[in-house]
Amino acid sequence: MRRRPTHPHHFRLVFNRPLTLLPMTETRTLVLIPARMAATRLPGKPLLDIAGLPMIVHVLRRAEAAKIGRVAVATDTPEIAAVVIAHGGEAVMTRADHPSGSDRSYEALGHLDPSGEVEIIVNLQGDFPTILPDNIRDVLSPLADPAVDIATLAAEIHTEEESSNPNVVKAVGTAISARRLRALYFTRARAPWGDGPRYHHIGLYAYRRAALERFVALPPSALEVQEKLEQLRALEAGMRIDVAIVDTVPRGVDTPADLETARRILAKA
């Protein structure tokens, strides 16, 4: 198991709101929102204004509205932490050199829950300002099965453009029920071949604590590197990922065009 970091400059920024007691079902779950300023295609995007609020605050509000547990933003940027706290949220400072949001979330977990009481960690991307609180709740449902290590989301693809677009990751799996798949593979290619449904993967994950600890300790896998998809590391290591099927895909914000789309959607809301 990877050691928790002990960098001398680590510190926590927390609260700015009264402490409240959560129901027992919620104390088991921690929602972490990794956020950094150094996005290559849209630098500084967590603090970009959307309908009068920074994007990271929209994501924070939706995570809080899901009411599944404690919510915190994990960041390496004091400006992001300050904005989160100014809007009544919780932030935790992490190292700047993490290769992924999962690694950042694992460090944040160690700071926020050193006693190991949290059982489920939800990793919510900080660039999903339009995600529905219901969908954040939906990601927990596969973990009712004790055989599942990691849960995630997907929505059925209805257009040829999505099927062929390499920026749309496809979840390929065997049906457990009408609303759940057991993941066999994730790919940027058009898959599976032939007639039948294809599914647009949504990058929201719920990890059992032991699964997150194991995952971040694994080296990058061959298929992960080839497809540039982190979740393949878990599948190659024999971990089980199940996929809850939802009806809508949240708008991720990666480009200036994505930003304008999110602004139009949330201005109407």
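**Burial, a helix pair and some rings**

Tutor: This is a predicted model. Of the protein's 269 residues, 51% count as buried.

Student: How many helices and strands does the protein have?

Tutor: Ten helices and twelve strands.

Student: And contacts between residues at least 6 apart in sequence: what share join residues at least 24 apart?

Tutor: 70% of them.

Student: Let's do helix packing. At what angle do the axes of α4 and α7 cross?

Tutor: Roughly 125°. Helix α4 covers residues 101–112 and helix α7 covers residues 209–217, and their axes come within 10 Å.

Student: Why is α4 called oblique to α7?

Tutor: Angles over 145 degrees count as roughly antiparallel and 65 to 115 as roughly perpendicular. The crossing is at roughly 125°, so α4 is oblique to α7.

Student: Left-handed or right-handed crossing?

Tutor: The α4 and α7 crossing is left-handed.

Student: Which residues make the contact?

Tutor: From α4, S102, D103, Y106 and L109. From α7, R209, L212, E213, F215 and V216.

Student: What's the breakdown by class?

Tutor: The α4 contact with α7 has five nonpolar residues, one polar and three charged.

Student: Staying on α7, which of its residues are buried?

Tutor: R209, A211, L212, E213, F215 and V216.

Student: What covers them?

Tutor: The cover includes α4 and α9 (231–236). It also includes the strands β7 (120–123), β8 (150–156) and β11 (199–208).

Student: Switching to rings. How many aromatic pairs are there?

Tutor: Two. One is Y205 with Y207, a tilted pair: 6.0 Å centre to centre, 35° between the planes.

Student: What about Y207 and F215?

Tutor: Their ring centres are 6.0 Å apart and their planes sit at 45°. Planes under 30 degrees apart would count as stacked and over 60 as edge-to-face, so this pair is tilted.

Student: Which residues do the ring pairs link into a cluster?

Tutor: Y205, Y207 and F215.

How values were computed. Residues numbered from 1 in each chain as written. Predicted model: local features only at pLDDT ≥ 70, side-chain atom pairs only at ≥ 80, totals over all residues. Heavy atoms only, no water. Axes fitted to C-alpha atoms, helices over the stretch in contact; angles between N-to-C directions. Helix = DSSP H or I, 4+ residues; strand = E, 2+ residues; numbered from the N terminus. Parallel < 35°, antiparallel > 145°, perpendicular 65-115°, else oblique. Left-handed = near helix turned anticlockwise from the far one by under 90°. Contact = heavy atoms within 4.5 Å. Nonpolar A, V, L, I, M, F, W, Y, C, P; charged D, E, K, R; others polar. Phe/Tyr/Trp six-rings, centres within 6.5 Å; stacked < 30°, edge-to-face > 60°. Buried < 20%, exposed > 50% of the residue type's maximum accessible area, 1.4 Å probe, protein only.
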